[in-house]
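Me: Can you walk me through this structure? Keep it short and plain.

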Amino acid sequence: MSSADGTAGSSLGRVSEESAPYPLHGSVGDFGTETGTGVADEAIGYRGPTACAAAGITYRQLDYWARTGLVEPSVRPAYGSGTQRLYSFRDVVVLKIVKRFLDTGVALQNIRAAVQHLRARGFRDLERMTLMSDGATVYECSSPDEVVSLLQGGQGVFGIAVGVVWRDVESALSQLHGERVDTGETLVRHNPQDELARRRRDRAV
């Protein structure tokens with residue numbers, strides 16, 4: 001493995017050089033531009049309240065992270081009064097990961113480094129990536145052996161499987177409305193909670 005800035009790292013604790021996970025360092029980059037179908041399609045954006053619902057955060061957190069540059073909407077920023085931020089699917093995945101890191105007490109500067117690292121990786125990298133942390137440093141692991149080596153070395157206290165977060169967000173957004181980036185068309189998806197609310201209204205009448 002190499003570090004997020006492309007340079008070689010050193011072994012950690014008892015981890016061998018061949019399989020060592022390396023601490024993440026800040027690097028500048030963007031997600032790849034792969035597009036697909038459904039909620040992960042890069043041609044679909046999600047408004048702030050939708051991103052909050054899928055990531056499990058408050059709108060105040062979303063707004064603060066955007067204003068401080070921690071997680072900015074990659075589709076459309078708020079550039080004036082009345083404009084709506086528009087987040088990509090991958091933005092929402094990052095939001096959920098940031099929330100988990102904050103909940104476990106990871107330092108903000110390390111979360112920033114992790115966010116920059118995630119933005120520099122492509123779809124296939126994210127799907128198989130696990131982020132480990134001891135609370136002070138965030139490490140990337142791309143195989144089960146690296147996770148075990150990190151734990152044996154004493155650096156890993158908890159981990160976030162990015163692929164699992166990806167699927168959680170995908171499931172949540174599949175029940176929430178999106179917006180086509182090119183046309184602004186609202187994509188109305190079936191939400192079981194909406195259906196339940198409709199049935200209750202019908203019974204009340």
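This is a predicted model: local features need pLDDT of at least 70, side-chain atom pairs count only at pLDDT 80 or more; totals for chains, interfaces and linings use all residues.

Reply: Here is a quick tour by question and answer.

Me: How many helices and strands does the chain have?
Reply: There are eight helices and seven strands.

Me: And how much of the chain is buried?
Reply: Buried residues account for 42% of the 205 residues.

Me: What about contacts along the chain, how far apart do they reach?
Reply: Take the contacts between residues at least 6 apart in sequence. Of those, 61% join residues at least 24 apart.

Me: Let's do helices. Is α1 mostly buried or exposed?
Reply: Helix α1 covers residues 48-55. Six of its eight residues are buried, so the rest of the structure largely encloses α1.

Me: Which ones are buried?
Reply: In α1 they are G48, T50, A51, C52, A54 and A55.

Me: What covers them?
Reply: The cover includes β1 (44-47), α2 (59-67), β2 (86-87), α3 and α7.

Me: What comes just after α1?
Reply: G56 does, and G56 takes a positive phi of about 75°.

Me: You listed α3 in the cover. How do α1 and α3 cross?
Reply: Their axes come within 9 Å and cross at roughly 50°. The two helices are therefore oblique to each other. The crossing of α1 past α3 is right-handed.

Me: Which residues meet there?
Reply: From α1, A51, A54 and A55. They meet V92, L95, K96 and K99 of α3.

Me: What kinds of residues are those?
Reply: In the contact of α1 with α3, five are nonpolar, none are polar and two are charged.

Me: A51, A54 and A55 are spaced out a bit. Why would residues three or four places apart point the same way?
Reply: An α-helix has 3.6 residues a turn, so residues three or four places apart point the same way.

Me: Nice. Now α3 and α7, at what angle do they pack?
Reply: Helix α3 (residues 89-103) and helix α7 (residues 162-173) pack at about 120°. Their axes are 9 Å apart. That angle makes α3 oblique to α7.

Me: Left-handed or right-handed crossing?
Reply: Right-handed, for α3 passing α7.

Me: Who makes that contact?
Reply: On the α3 side, F89, R90, V92, V93, K96, I97 and R100. On the α7 side, V162, V165, W166, D168, V169, E170 and L173.

Me: And by type?
Reply: The contact of α3 with α7 has nine nonpolar residues, no polar ones and five charged ones.

Me: Switching to strands. What order does the three-stranded sheet have?
Reply: The order is β4-β3-β5. The sheet is open, and its pairing is antiparallel.

Me: Which are the edge strands?
Reply: β4 (138-141) and β5 (158-161). Each pairs on one side only.

Me: How far are neighbouring strands turned against each other?
Reply: By 25° on average in this sheet, direction ignored.

Me: How many bridges does β3 make with β4?
Reply: Strand β3 (residues 130-133) pairs with β4 over four bridges, in the antiparallel sense. With β5, β3 is also joined by four bridges, and those two run antiparallel.

Me: What stands opposite L131?
Reply: In β4, E140 stands opposite L131. In β5, I160 stands opposite L131.

Me: Are the faces of β3 covered or open?
Reply: Both faces are covered. T130 and M132 lie on one side, L131 and S133 on the other, and all are buried.

Me: Which helix packs on the sheet?
Reply: Helix α6 (residues 144-152), which touches β3 and β4. The direction of α6 makes about 145° with that of β4.

Me: How many residues sit between β3 and β4 in their hairpin?
Reply: Four. In the turn, G135 has a positive phi of about 95°.

Me: What comes close to G135, say within C-alpha distance of 6.3 Å?
Reply: The C-alpha atoms of G105 and G135 are separated by 6.3 Å. Those two are 30 residues apart along the chain.

Me: Where is G105?
Reply: In the loop between α3 and α4 (108-119).

Me: Buried or exposed?
Reply: G105 is exposed, with a relative accessible area of 52%. The cut-off for exposed is over 50%.

Definitions and conventions. Residues are numbered from 1 along each chain as its sequence is written. Side-chain values use heavy atoms; hydrogens and water are left out. Axes are lines fitted to C-alpha atoms, for helices over the stretch in contact, and angles run from 0 to 180 degrees between N-to-C directions. Angles under 35 degrees count as roughly parallel, over 145 as roughly antiparallel, 65 to 115 as roughly perpendicular and the rest as oblique. A crossing is left-handed if the near helix is turned anticlockwise from the far one by less than a right angle, and right-handed if clockwise. Contact means heavy atoms within 4.5 Å. Ala, Val, Leu, Ile, Met, Phe, Trp, Tyr, Cys and Pro count as nonpolar, Asp, Glu, Lys and Arg as charged, and the others, Gly among them, as polar. Two strands pair if DSSP finds at least two bridges between them. Buried means under 20% relative accessible area, exposed over 50%, partly exposed in between (1.4 Å probe, protein chains only).
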